[in-house]
Amino acid sequence: MEIIRGGGVKSVLRKIPLIKRRSTGMGTETAPLPVLDVWRNTDPPFIPLDHIRKMIRNPVIKVVSFDIFDTLLLRPALHPKDIFYLLAKKVDAAYGVNFIKMRWDAEAQLGKDNSNIYEIYEYMARRYHLNSATAAALLTEELRCEEVLLYPRPDVKILYDEAIRLGKRVIAISDMYLPGDILGPILKKKGYDPAAMYISCDYDARKSNGALYESVLAAEDVHPSEILHVGDNYQSDYVEAVRNNITAIWNPSIFERSFHNKLICEKLFGEALRCDPLWGLFLGFSLNRLYSDVSQAPDNIASLKSLRCFAELTLAPLVTAFCLFLISDKNIQASYKKIYFASRDGWLPHKVYSIVRDHLGGIEGVYFYAGRRAYYPFLYDSFFNFAQTLFRADNLDAYTLRDLLKAYFADTALLSFMEANISETDKHLSFFRHKDRCLQILRRFDKEIADCMQEKRARAKAYYERVFDSAEKRHIVFDLGYSGSVGKAMTAVTGRPTDKIYFWEEPSNRELDKASGSLTRLFMKGQIHPPYPLLLEELFSPCEGGVIGYDETGQPIFENMPVTESHKKDLADVHAACLEYATEFCTLLKEYAPYALLHKPDAVADICRGLWDTPFCNLHLLKNIAFPDPLYRIRTDSLEKKLENNMPAPTVFSNTGFENPENVYAGTPHIYGARCNIGIHLHLYHHSMAHEIVRYLQDFPAPFDLYITIVDTSFTRTAQNLFNQAFLPNLKILRVLNVPNRGRDVAPWVLGMRPYQAAYDLFCHIHSKDSAHFDFRDEWRHYLFNNLIRADSAAEIINAFTEHSDIGCIFPSIYAKLRQVMISVGDPLHGSKHEYDLICEMLRRMGLGEEFCRSDLFFSGGTMLWYRPHALRQLFTCELQLNEFAAEPVGVGGTLAHAMERIPAIIAERNGYTTKSLTRYS
């Protein structure tokens, strides 16, 4: 609305405060960061590892020097002081202190340059009246924590080992309050043994102002250029070193590599860190893992390249923190013999709990099969009472009585009996619309259903009696949460009170606990709203269907769940990331791991939201995860689609491909030099525009064939005259084809150009657009032509296709005035519900799935584009017929032609190609 009121984008952008870019190592820190570039990393690449290795091999270099912290050694933390929060968890209660208050600013308050750790603790003891024993114990604890948590940075360890192998003299230089007599043994334990160490607190001089380098040069007795220094701090390790004529290379910290500006860190993690600073420990460890191999690390942490990356930043720290909570909860560990993890969403927590238990001890964890379809007979006296409680479906009209029977009786012989004795009409009744009528139909099978329920109870009881230890007086079951039904069912099955461990609960669970005397221990204290429970439910689950019952031997029966290879792979990657994370976290933290207890684990929702609210369409990573929900859904939607349905978007463009900076072509323009077969289709409905289009094509930069479709046969020879080689020097073949006036420009393109696609490497579709319902119709048309067929634009597009074989489609970004209209109207970008259904149907006919999400919405506003025919091949082979397109007159939306406008980029993406916007003229 601000854009519309202001009459343009520029007037609004001028009101938005600019932020400053961090230092890049290429200049000063004063350059403003344009608002539109906040998310996009435009910095030059960092020096590659191999280049640094070549510098180390240079015979001129006699001494190789390394910074220590964030260069040789890493902490599992976003910021160095994050470990103080971990220490506080251990020492505050034990010594009756407020460690954060005492330690946080002690070094600065001491007021002495280059103080050491001993001086810092002497100051703390004086100021806070600590006795010598307490001060000594706290100092010992901090030194022990540093020793345990520090570990080698993998890429720099390679450089260090290379220098040692070559026989170079290796030294370490650091601005640090830990003196050399402490750092030396720590470095040695971590695989480093420098020949000399120059520490600021030992030499009373700092790198940050260059003074420490003077001490280094005096002691090493070599020419400054013969020293190669590698460090992560641009000012201290690069600028000051070079000022002393030392050869220096800036090798940024993991934090610097992760966030090309600090605003990104704030947007992604700021809310979580404010809620609970210990998130800094978990997230820092996540980033260290992601960047352990810098050659494979993300270029931009805000743009996740895989679901595994998403899991590293969200699920892996969350489930590890949860299992540490279980191990550290004395009531749980003392009151029960086992923790029973209920399927399916207990699968991953059980796996991680087993890892944490191996490291830290604890009671046994057992995974067992459960599910509402398996245990509902223990919750209700009859199936009819149970069925009355069912109240929701994603499509109330589509969910039928037959769907209900398949959901709850698929594991029994009764299903086929009832289907054979219920009419087709009755089986297709909408269950939720006609619940009483449907249940009345089932009353004919009252005895058979009652017998079936009794048999279900007996089979389930046989299974659960083997799982649950009969010697236990009480059981405790983990489930992600909700109403308490799992505890109620297990109590009924086993005859023992069953308590619960939940991530979250509903009021009905609290009422159940009051009525039955059961207990619920919550991991998350806050209110978690959709879609986050659904995210955890599906990603915590194994790649298998839900349990629908038990056979005569008491073994679980699983629903048949078709699974794609992509689903298997993505889910396996998520689980692998979580298991590896937990293993490495416990191995590294050792005795400190039980103190890594999140106060606000709910903040994982803020981290997820931060990652999803970037313009990079990260939600699209969930597109391959597709678990059925036959209790309420007919169609198996992807997890992306399910979450999208619960996430309102600020504007119609939010979280779509239009907002994604990576969809904007950013290649370097070249003079046209490619050789490829090019076809252009022009639908010339408005004959008078011929002259305008000829003017664009007269200096087209490459040989091309032109196909013109017209709806008036009397204009054929005129069109041939207007578009001949006298006007168009690069024209090779001209064909003028007569087509019916149906399907606007889309049917003439898709149907009329069908026979010619295979002959071309590239194809362009344009038309004589005259959108009379917009007062900017001429400006819009000129915008599209300027960016598609004007000589310099066409040359750049052709070269983009030639240089990037993965590009399938190119078109300009949405015209600014059109975008304003679309935002102000607020209608979904896919169009009407009818158009949405048409898009799904077309994708299904093409064999490309039938689902599409917000992140798939990326198209040419005006249906003009360049493409590789192979990338859109199904568009021309899906046997569309002319009569499927609405006859004229049609409006501004709602038809197949309008739906087809939305799908070229979707087709290209599902064929393995990318789509880019390329805009030279605004």
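**Note on the predicted model: strands, helices and selected residues**

1. Strand S3 (residues 63–66) and strand S6 (residues 169–174) pair in the parallel sense over 4 bridges. S3 pairs in the parallel sense with strand S8 (residues 227–231) as well, over 4 bridges. Two strands are taken to pair if DSSP finds at least two bridges between them. Phe66 stands opposite Ala172 in S6 and opposite Val230 in S8. Both faces of S3 are covered: Val63 and Ser65 on one side, and Val64 and Phe66 on the other, are all buried. Buried means under 20% relative accessible area, exposed over 50%, and partly exposed in between, with a 1.4 Å probe and protein chains only.

2. Basis of the values. This is a predicted model, in which local features need pLDDT of at least 70 and side-chain atom pairs count only at pLDDT 80 or more, while totals for chains, interfaces and linings use all residues. Residues are numbered from 1 along each chain as its sequence is written, and side-chain values use heavy atoms, with hydrogens and water left out. Helices (H or I, at least four residues) and strands (E, at least two) are DSSP runs numbered from the N terminus.

3. An open sheet is formed by 5 strands in the order S11-S10-S12-S14-S16, with parallel pairing. Its edge strands are S11 (364–368) and S16 (520–522), each pairing on one side only. Neighbouring strands of this sheet are turned by 25 degrees against each other on average, direction ignored. Axes are lines fitted to C-alpha atoms, for helices over the stretch in contact, and angles run from 0 to 180 degrees between N-to-C directions. Strand S14 (residues 498–502) pairs with S16 in the parallel sense over 3 bridges, and Ile501 stands opposite Arg521 in S16.

4. Two helices pack on this sheet. Helix H20 (residues 347–360) touches strand S10 (338–342), S11 and strand S12 (475–478), and its direction makes about 160 degrees with that of S11. Helix H29 (residues 507–516) touches S14 and S16, and its direction makes about 155 degrees with that of S14. Contact here means heavy atoms within 4.5 Å.

5. H20 has 14 residues and reaches 20 Å from its first C-alpha to its last, close to the 20 Å expected at 1.5 Å a residue. The expected span is 1.5 Å times one less than the number of residues. Leu348, Pro349, His350, Val352, Tyr353, Ile355 and Val356 are buried in H20. An α-helix has 3.6 residues a turn, so residues three or four places apart point the same way. H20 is followed by Gly361, whose phi is positive, near 80 degrees.

6. Cis peptide bonds. One joins Ser343 and Arg344, with omega about -5 degrees; Arg344 lies in the loop between S10 and H20. Another joins Glu888 and Pro889, with omega about 0 degrees. Pro889 is in the loop between helix H41 (873–877) and helix H42 (896–900).

7. Positive phi outside glycine. His129 has a phi of about 55 degrees although it is not a glycine. His129 sits in the loop between helix H7 (117–128) and helix H8 (132–149) and is exposed, with a relative accessible area of 71%. Asn245 also has a positive phi, near 65 degrees, and is a residue other than glycine. Asn245 is in the loop between helix H13 (234–243) and S9, and is exposed at a relative accessible area of 55%.

8. Asn251 is in the loop between strand S9 (247–250) and helix H14 (254–258). Asn251 counts as buried because its relative accessibility is 1%. Its side chain makes a polar contact with the side chain of Arg257 (2.9 Å). A polar contact is a pair of N or O atoms within 3.5 Å; within protein, one must be able to donate a hydrogen and the other to accept it, and residues adjacent in sequence count only if both atoms are side-chain atoms. Leaving aside neighbours within four places in sequence, the residues in contact with Asn251 include Asp155, Val230 and Asp232.

9. Cysteines. With a disulfide defined as a pair of cysteine sulfur atoms within 2.5 Å, the count comes to 0 disulfides. The sulfur of Cys578 is 9.9 Å from the closest cysteine sulfur, in Cys323, and this is too far for a bond. Cys578 is buried, at 0% relative accessibility. Cys764 is in no disulfide; the nearest cysteine sulfur, that of Cys809, is 11 Å away. Cys764 is buried, with a relative accessible area of 0%.
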